[in-house]
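Keep the viewer open and follow along.

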Amino acid sequence: MLKSVVRAVGAAVRVSSATTSTARALPLACPTLGSPSPATTRPFTRSLWMLSNKGASSGYRPKLFTSKALNPSVSCGCGGLHTEGDKAFGAFLSDEIKEEMKIQKNKTLPKMSGGWELEMNGTEAKLARNVAGEKITVTFNVNNSIPPNFEEEVDQGQQKSPEEEPDIVSTPNFVVEVTKQGAKHSLVFDCHYPEDQVSHGEGEEESDIFAIREVSFQPEGDTDWKETSYTLSTDSLDWALYDHLMDFLADRGVDNTFADELMELSTAAEHQEYIKFLEDLQGFVKCN
């Protein structure tokens, strides 16, 4: 009788253990585990070609649970880590560079009219000209010059074709420095491209495509804006004074035509830097 009880208890324990093991194994067999949730879906990249069918021609597809990072294949003398993911990343970058070169509008930087001399230092550009003893210098940086609202979230099944996508346009903030001979300080204008065109009146035929944000006197040639110098903000400025400041810049060649050409120059420079970054990234991944 005692042995029968022991056997019955043992059988119950085994049945209970089998049930528990099966219950723990169910989540691993769940078919939705490998499907990304909406919160983790990767947003669209900046490239226009990624929105077309050509983007699929690279053959690259991110796959879960297929990484071989634990089994790297070192094939060069750099001593770095080389994985299947790196190989796929390099192939993707190769296709990306080719597509970006296809849509590149300017192989060389466009020239500015009005006798401006251009000097590039990485992502920073400097334009200079002399007018009747005055030196006018305009500096800007192409970093973070693409409007953040360029990439809009596209619903699935409603992707735009490359022809319908707007062009990427670089609209950097720029600083205008006007220096007079014998003056201890330069008059400095902090300018930007507003999202909406600035208009001062209903009767104006043409509105300004750039605006003055701040004006200040700064030591000549000083690259740092001194916070101890009085800075005039145009947010609450009288329109008459603001118009005179805009006319002051226009008389020195900084007008709508200049601002439009500066956008074209900055867009070309930004795209060149982007392609160069992709090439450097490809070389780093491949360890070339």
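How many salt bridges does a search of the whole structure find? The answer is six, where a salt bridge is a side-chain nitrogen of Lys or Arg within 4 Å of a carboxyl oxygen of Asp or Glu. We'll get to them after a look at the layout.

## Ground rules

This is a predicted model, so local features need pLDDT of at least 70 and side-chain atom pairs count only at pLDDT 80 or more, while totals for chains, interfaces and linings use all residues. Residues are numbered from 1 along each chain as its sequence is written, and side-chain values use heavy atoms, with hydrogens and water left out.

## The layout

The protein chain has four helices and seven strands. Both kinds of element are DSSP runs numbered from the N terminus: helices are H or I with at least four residues, strands are E with at least two. Starting at the N terminus, the order is α-α-β-β-β-β-β-β-β-α-α.

Of the 288 residues, 31% count as buried. Buried means under 20% relative accessible area, exposed means over 50%, and partly exposed is in between (1.4 Å probe, protein chains only). Take the contacts (heavy atoms within 4.5 Å) between residues at least 6 apart in sequence: 63% of them join residues at least 24 apart.

## The nonpolar cores

In soluble globular proteins, nonpolar side chains tend to be buried together. Here, the largest nonpolar core has 31 residues, and Phe-174, Val-176, Phe-189 and Val-254 have the most contacts inside it. For the record, such a core is a set of buried Ala, Val, Leu, Ile, Met, Phe, Trp, Tyr and Cys residues joined through side-chain atoms within 4.5 Å. Elements giving two or more residues to this core include β2 (124-131), β4 (174-179), β5 (185-192) and α3 (239-250). The top contributor is α4, with six residues.

Leaving out residues up to four places away in sequence, its neighbours include Phe-174, Val-176, Ile-212, Leu-245 and Phe-248. There's also a second, separate core of six residues, among them Phe-92, Ile-97, Tyr-274 and Leu-278.

β5 and β6 run antiparallel and are joined by eight bridges; strands count as paired if DSSP finds at least two bridges between them. Phe-189 stands opposite Val-215 in β6. On to the next pairing: β6 goes with β7 (residues 231-233), again antiparallel, over three bridges, and in β7 the bridge partner of Val-215 is Leu-232.

Ser-186 also sits in β5, and this serine is buried, with a relative accessible area of 0%. Its side chain makes polar contacts with those of Glu-177 at 3.2 Å and Thr-179 at 2.8 Å. A polar contact is a pair of N or O atoms within 3.5 Å; within protein, one must be able to donate a hydrogen and the other to accept it, and residues adjacent in sequence count only if both atoms are side-chain atoms.

## Back to the salt bridges

Glu-99 and Lys-102 meet in a salt bridge (3.5 Å, N to O). Both are in helix α2 (residues 84-102), three residues apart, about one turn of the helix. Glu-99 counts as buried at 13% relative accessibility, whereas Lys-102 counts as exposed at 60%.

Asp-167 bridges to Lys-105, with the closest N and O atoms 2.9 Å apart. Asp-167 is in the loop between β3 and β4 and Lys-105 in the loop between α2 and β1 (117-121), so this pair ties together parts 62 residues apart in sequence. Then there's Asp-190 with Arg-213 (3.7 Å, N to O): the former lies in β5 and the latter in β6, so parts 23 residues apart in sequence are tied together. Glu-134, Lys-180 and Arg-252 are linked in a salt-bridge network.

## Helix α4, end to end

The 31 residues of α4 should span 45 Å at 1.5 Å a residue, and the end C-alpha atoms are 45 Å apart, which agrees. After α4 comes Cys-287, whose phi is positive, near 60 degrees.

Definitions and conventions: The expected span of a helix is 1.5 Å times one less than its number of residues.
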